[in-house]
Amino acid sequence: MLKVTVIAAGSWGTALALVLEQNGHDVTVWARRESQVQDILQSRRNDKYLRNIAIPENIQFTSSLQEAVKHTEVIVLSVPTQQLNNVLEQMAEQITLSHRVIMVNVSKGIDMGSLELPSQMVMRYYPTQPFVVLSGPSHAEEVALKLPTALVAASKNRLAAEIVQDLFSNDYMRVYTNPDVVGVEISGALKNIIALGAGISDGLGYGDNAKAALITRGINEMVVLGQMIGAETSTFRGLAGVGDLIVTCTSQHSRNRRCGILIGEGLSFDNAIESVGMVVEGAYTVKAAYRLMTKLKIDMPITKVLYRVLYEGKNAREAVNYLMTRQKKHEIDENAEKLELWQ
Ligand SMILES: NC(=O)C1=CN([C@@H]2O[C@H](COP(=O)(O)OP(=O)(O)OC[C@H]3O[C@@H](n4cnc5c(N)ncnc54)[C@H](O)[C@@H]3O)[C@@H](O)[C@H]2O)C=CC1
Ligand SMILES: O=C(CO)COP(=O)(O)O
């Protein structure tokens, strides 16, 4: 049994706390508001984020960071990416982790200000603690119902990856390990942008053909950016890559897809975000990815048009028209260069 602290009592943090408790660990969840802690303790539910799920008495809740991390062995960070730096700062001010703690991040995104990945933010504050990113196709609503789910625990530290694999594995959750932290993080961040696009496509009334094209060309964009920043291309074929892209672009549970559908149906960006009521990571990651794309001088057309739709008021239907009619090109640039493939 390990002592595990989950930071943030949103839908994913709560669902993962349930898994950890089921697996026999000593689980404490930190929520920033005492009122939320009291609500959960009274009802043993967290209906705002995870409806109709009973939370066992064994899971402790607190709004004190100090109490939450006291003697803990594993910290699971489930804070929305744009808030992660702020939470890490609060933790660093209040807590010196003098003991060894495995830092596990489960949020998916890129910081809009610094353009850092979660691993880079965490390592800035805790350079000597082992870091693991847990990612893959996994909606909290299904995990809370114990429906079969497969994830990937990526770390440069093999032992830490294997500890996290053991921590979460059970008969409905299968966890693989992977040393490619950057590839897993870029996959998780960019798939949300593509899912927003898939939602917009659905909201506009386009069909399965359009969505399949978005998913496939979306992987291409993930690879293009990933290769520039040191990711392994094979990671994009895995659970964190194509796996998560499929689930987020097609699932009824996806917040990113739902937000996209509302925008496609004509709602404003702000109203769509508000209506979803939970974090829509892709809406912020698109800004970071657009800046990265510009900085690295690479072409990411889906990211580019989504940025224009969300932040520059471009009409969504015109954006699709742009994607369809832009300059013709090869499907796979590398193949086009291989003279032996042409007759
Ligand atoms: N919901 C899901 O099924 C999954 C979510 N994720 C990722 O996990 C991360 C969290 O997502 P959700 O739990 O769905 O979000 P959520 O919107 O359900 O919950 C976010 C939680 O973070 C807290 N929070 C927000 N700002 C904060 C701050 N400044 N300080 C402290 N706490 C703060 C909120 O109070 C809330 O409890 C995201 O990056 C998401 O992409 C990953 C896999 C599955
Ligand atoms: O990352 C997720 C599923 O793997 C959650 O996606 P949404 O935020 O779109 O719900």
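Guide: We may begin with domains, whose bounds come from an automatic or database domain assignment. For the protein chain in this predicted model, that assignment gives domain 1 (3-179) and domain 2 (182-337).

Visitor: How many residues of domain 1 are in contact with domain 2?

Guide: Two residues are in contact if their C-beta atoms lie within 7 Å. Here 28 residues of domain 1 are in contact with 27 residues of domain 2. On the side of domain 1 that touches domain 2, at least two residues each come from several elements, including H4, helix H5 (118-125) and strand S6 (131-135). Strand S7 (149-154) is another of these elements, and S7 gives the largest share, four residues. By class, that side of domain 1 has 14 nonpolar, ten polar and four charged residues. The C-alpha centres of the two domains lie 26 Å apart.

Visitor: Which residues come nearest to ligand 2?

Guide: They are Ser138, Thr248, Ser254, Arg255 and Asn256, out of 15 residues around ligand 2. Two or more residues of the shell come from each of helix H8 (181-204), helix H10 (239-250) and helix H11 (255-264). By class, this shell has three nonpolar, seven polar and five charged residues.

Visitor: Which residues of helix H15 are buried?

Guide: Burial is judged from how many other C-beta atoms lie within 10 Å of a residue's own. In H15 (residues 316-325), Ala316, Ala319 and Val320 are buried. These three cover an arc of only 100° around the axis, so they lie on the same side of H15. Glu318, Asn321 and Thr325, on the other side of H15, are exposed. The cover over the buried residues includes H8, H11 and helix H14 (301-312).

Visitor: What pLDDT does the protein chain average?

Guide: Where pLDDT is low, the predicted coordinates should not be read in detail. The protein chain averages a pLDDT of 96, and 100% of the residues score at least 70. The model scores ipTM 0.99 and pTM 0.97.

How values were computed. Residues are numbered from 1 along each chain as its sequence is written. Chains are lettered from A and ligands numbered from 1 in the order in which they are written. This is a predicted model: local features need pLDDT of at least 70, side-chain atom pairs count only at pLDDT 80 or more; totals for chains, interfaces and linings use all residues. A residue is near a molecule or strand if its C-beta atom, placed from the backbone, lies within 6 Å of it. Ala, Val, Leu, Ile, Met, Phe, Trp, Tyr, Cys and Pro count as nonpolar, Asp, Glu, Lys and Arg as charged, and the others, Gly among them, as polar. pLDDT is the predictor's confidence in each residue, from 0 to 100. A residue is buried if 20 or more other C-beta atoms lie within 10 Å of its own, exposed if 12 or fewer, and partly exposed in between; C-beta atoms are placed from the backbone. The arc is that of the directions from the helix axis to the C-beta atoms.
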